[in-house]
Amino acid sequence: MRCFDHVKMAPSSGLKAGDIAASTGHIIMVDEVGSDPFALAGINSADDCTTANIDSDKFNFVISQSSPSKGGIGINRMQARDYFKEASTYRNGFVQFAVAACKAKFGASVTPKVSSLALVRHKKTAACTTTPFTLQKESCLYLCPAI
């Protein structure tokens with residue numbers, strides 16, 4: 001875990017594709033982020049940055065997770081707002097991250113501390129990256145038709 005930092009919500013940085021959220025026994029990855037991922041456009045002051053004013057049904061980002069659907073192993077990709085309807089730990093945690101992002105919108109830099117959920121980002125430092133490598137016969141994967 002030395003190559004990951006807890007995500008800091010700051011005026012110049014918020015939720016990003018590649019961020020990883022983890023709770024006990026499960027992780028998800030932020031796959032794609034919309035222009036207003038936490039639906040904060042309608043909030044006009046830092047005083048309004050409360051859980052009561054955050055609506056997870058309006059979140060605009062996509063998550064990916066592993067899932068044993070259809071009797072096998074696979075990756076599910078879905079809108080976070082849809083996943084959060086069934087995953088209260090993630091919904092409640094991301095609402096806390098949204099509050100921090102809201103405060104950042106008005107100038108604060110906040111690293112949220114959510115006891116049930118961690119949100120981390122790869123440092124991308126030289127010590128934490130390796131030289132890309134090519135697998136033998138990797139090129140044939142690109143010749144396969146889409147499923």
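Strands E4 and E5 (residues 74-79) run antiparallel and are joined by 6 bridges. Here strands (E, at least two residues) and helices (H or I, at least four) are DSSP runs numbered from the N terminus, and two strands pair if DSSP finds at least two bridges between them. This is a predicted model, in which local features need pLDDT of at least 70, side-chain atom pairs count only at pLDDT 80 or more, and totals for chains, interfaces and linings use all residues. Residues are numbered from 1 along each chain as its sequence is written, and side-chain values use heavy atoms, with hydrogens and water left out.

**Exercise 1.** Find which residues stand opposite valine 62.

*Solution.* Start with E5: there, glutamine 79 stands opposite valine 62. Next, turn to glutamate 32, which stands opposite valine 62 in E4. E3 and E4 also pair in the antiparallel sense, over 4 bridges. Finally, look at burial (buried means under 20% relative accessible area, exposed over 50%, partly exposed in between; 1.4 Å probe, protein chains only). E4 is largely enclosed by the rest of the structure, because 6 of its 7 residues are buried.

**Exercise 2.** Decide whether serine 23 is buried or exposed, and list its contacts.

*Solution.* Locate serine 23 in strand E2 (residues 20-23). Its relative accessibility is 16%, so serine 23 counts as buried. Beyond its neighbours within four places in sequence, serine 23 touches Thr89, Tyr90, Ser116 and Leu117. As for the strand, E2 is joined to E6 by 3 bridges, and the two run antiparallel; alanine 22 stands opposite alanine 118 in E6.

**Exercise 3.** Find how many bridges join strand E1 to strand E6.

*Solution.* Take E1 (residues 4-6) and E6 (residues 118-122): 3 bridges join them, and they run antiparallel. Within this pairing, phenylalanine 4 stands opposite histidine 122 in E6.

How values were computed: Contact = heavy atoms within 4.5 Å.
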